[in-house]
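Student: I've got a model open on my screen and I'd like to talk it through. Could you take me round it?

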Amino acid sequence: MTDFHPARSGESTDSVTRPSVMPIYQTTAFDVADLDQLGRMRSGQDAGFSYTRDGNPNHSAFGQAVAELENADAAVVCSSGMGGLAAAVLSHVKSGEHIVAARVLYGKTLQMLQELQDRFGVAVSYADATNPQSFHEAIQKTTRMAIVESLSNPLLEVCDIAELSAAVGSVPLLVDSTFTTPTLLKPMNLGADLVFHSASKYLNGHGDVMLGVVAGSTAAVNKIEQTSSIFGMNANPFDCWLALRGLRTLELRMPQISKTALAVAEFLEQHSSVEIVHYPGLKSHAQYELAQKQLANGCSGMLSFELKNGSRDAVNNLMQTLRSIPFSPTLADARTTVSYPAGTSHVHMSAEEQQALGVTPGMVRLSVGLEPAAMLINELQHAIPKIP
Ligand SMILES: *Cc1c(COP(=O)(O)O)cnc(C)c1O
């Protein structure tokens with residue numbers, strides 16, 4: 001068995017000039033020798049590219065790197081995370097068929113499922129990702145996909161992927177592993193059929209790219225690739241090039257970020273103004289045992305906490321004081337950022353719906369970055385008012 005590592009996976013530079021890093025193939029099309037070669041390329045006999053919407057060396061390099069790291073046959077790269085998810089879902093499901101999804105998912109993912117239900121006749125049921133039996137019970141004859149996130153947002157609940165995979169049987173299980181990355185979790189090894197990443201987040205890790213990637217079997221990835229091409233969800237070469245560059249340091253970043261996040265979570269947990277901290281590396285977390293087993297290399301950099309008697313105004317004050325940690329509606333940047341789930345990722349929901357998902361008015365979400373833990377703790381110490 002070959003060992004793969006982010007520092008060297010995914011590139012082939014078999015050209016006359018032999019650049020050490022693959023150049024950016026900023027080209028719409030690729031010339032083809034003749035009709036015979038085109039035929040051989042179409043049938044898969046010859047490698048090669050013809051039109052960037054259908055494929056480009058930079059897509060392939062990044063996709064192959066992710067596939068290798070995820071222990072998958074192949075991967076398709078799309079214009080954004082949502083592009084990748086849409087391509088994955090649309091290629092598996094048609095009107096009249098059914099999806100079972102975790103009740104707690106990234107806000108836009110839930111909106112996409114709602115859209116498929118309201119406008120395209122796809123049935124969707126929701127189940128509890130921390131209760132595999134509920135997924136089993138939701139399966140119907142027409143179920144074509146099950147969707148979960150490895151860590152939920154903003155409560156950071158952990159789902160048992162091996163048990164979920166067993167519970168859904170032959171229904172393809174798609175795991176959104178954006179928060180965990182292949183450094184911390186390899187869902188395919190636990191029985192997942194498709195692994196999805198918003199590469200806009202940790203895989204790139206530098207806050208300057210929009211990309212999505214879906215890894216899986218060759219057959220599944222080919223189908224998704226076709227959908228991506230037909231609906232124009234293809235990625236641009238420069239973003240793929242940047243993402244591969246970012247991926248090189250993944251193995252260094254993720255354990256470091258996880259260590260820092262644990263230190264920050266422990267600090268917040270003992271703070272007199274903090275009601276509760278949600279981080280799977282804390283003993284107080286409901287799935288601590290599972291996290292220790294499934295996320296043995298670290299629990300990633302996402303955490304949330306609730307201020308005592310917290311409100312929108314209290315969180316707003318905190319943001320105004322916390323100048324060094326910017327409020328940014330993204331996550332997994334190199335720098336630490338703060339966000340407010342009730343006003344960003346879950347803003348499309350009513351107060352009751354938010355409450356049902358555990359999104360409270362006093363909840364703050366941190367995406368811990370690469371700064372030293374002591375620096376972040378010092379800044380939070382100064383910004384969170386003490387309850388006398
Ligand atoms: C950001 C994100 C997405 C969507 O990805 P984009 O690149 O923003 O389109 C999907 N799932 C999760 C968990 C995310 O954090």
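Predicted model: local features only at pLDDT ≥ 70, side-chain atom pairs only at ≥ 80, totals over all residues.

Tutor: Residues are numbered from 1 along each chain as its sequence is written, and side-chain values use heavy atoms, with hydrogens and water left out.

Student: How many helices and strands are there in the protein chain?

Tutor: Helices here are DSSP runs of H or I with at least four residues, and strands are runs of E with at least two, numbered from the N terminus. Counted that way, the protein chain has 14 helices and 11 strands.

Student: What radius of gyration does the protein chain have?

Tutor: The radius is taken over C-alpha atoms, and the globule rule is 2.2 Å times the number of residues to the power 0.38. For 388 residues that rule puts a compact globule near 21 Å, so the chain agrees with it at 21 Å.

Student: What stands opposite S304 in β11?

Tutor: Strand β9 (residues 302-307) runs antiparallel to β11 (residues 363-367), and 5 bridges join them. Across from S304, the residue in β11 is R365.

Student: Is S345 buried or exposed?

Tutor: S345 lies in the loop between β10 and α13 (351-356). Buried means under 20% relative accessible area, exposed over 50%, and partly exposed in between (1.4 Å probe, protein chains only). At 17%, S345 is buried.

Student: Which side chain makes a polar contact with the side chain of S345?

Tutor: A polar contact needs N or O atoms within 3.5 Å; within protein, one must be able to donate a hydrogen and the other to accept it, and residues adjacent in sequence count only if both atoms are side-chain atoms. Leaving out residues up to four places away in sequence, S345 touches G107 and N153. The polar partner, at 2.8 Å, is H346.

Student: Are the rings of F238 and W241 stacked or tilted?

Tutor: Rings of Phe, Tyr and Trp (its six-membered ring) pair if their centres lie within 6.5 Å; planes under 30 degrees apart count as stacked, over 60 as edge-to-face and the rest as tilted. There are 2 aromatic pairs by this rule. In one of them, F30 and F49 have centres 5.6 Å apart and planes at 40 degrees, so that pair is tilted. For F238 and W241 the centres are 6.2 Å apart and the planes at 20 degrees, so the pair is stacked.

Student: How far apart in space are L211 and V277?

Tutor: L211 sits in the loop between β6 (194-198) and β7 (212-216). It is 66 residues from V277 in sequence, and the C-alpha to C-alpha distance is 30 Å.

How values were computed. Pairing = 2+ DSSP bridges. Contact = heavy atoms within 4.5 Å.
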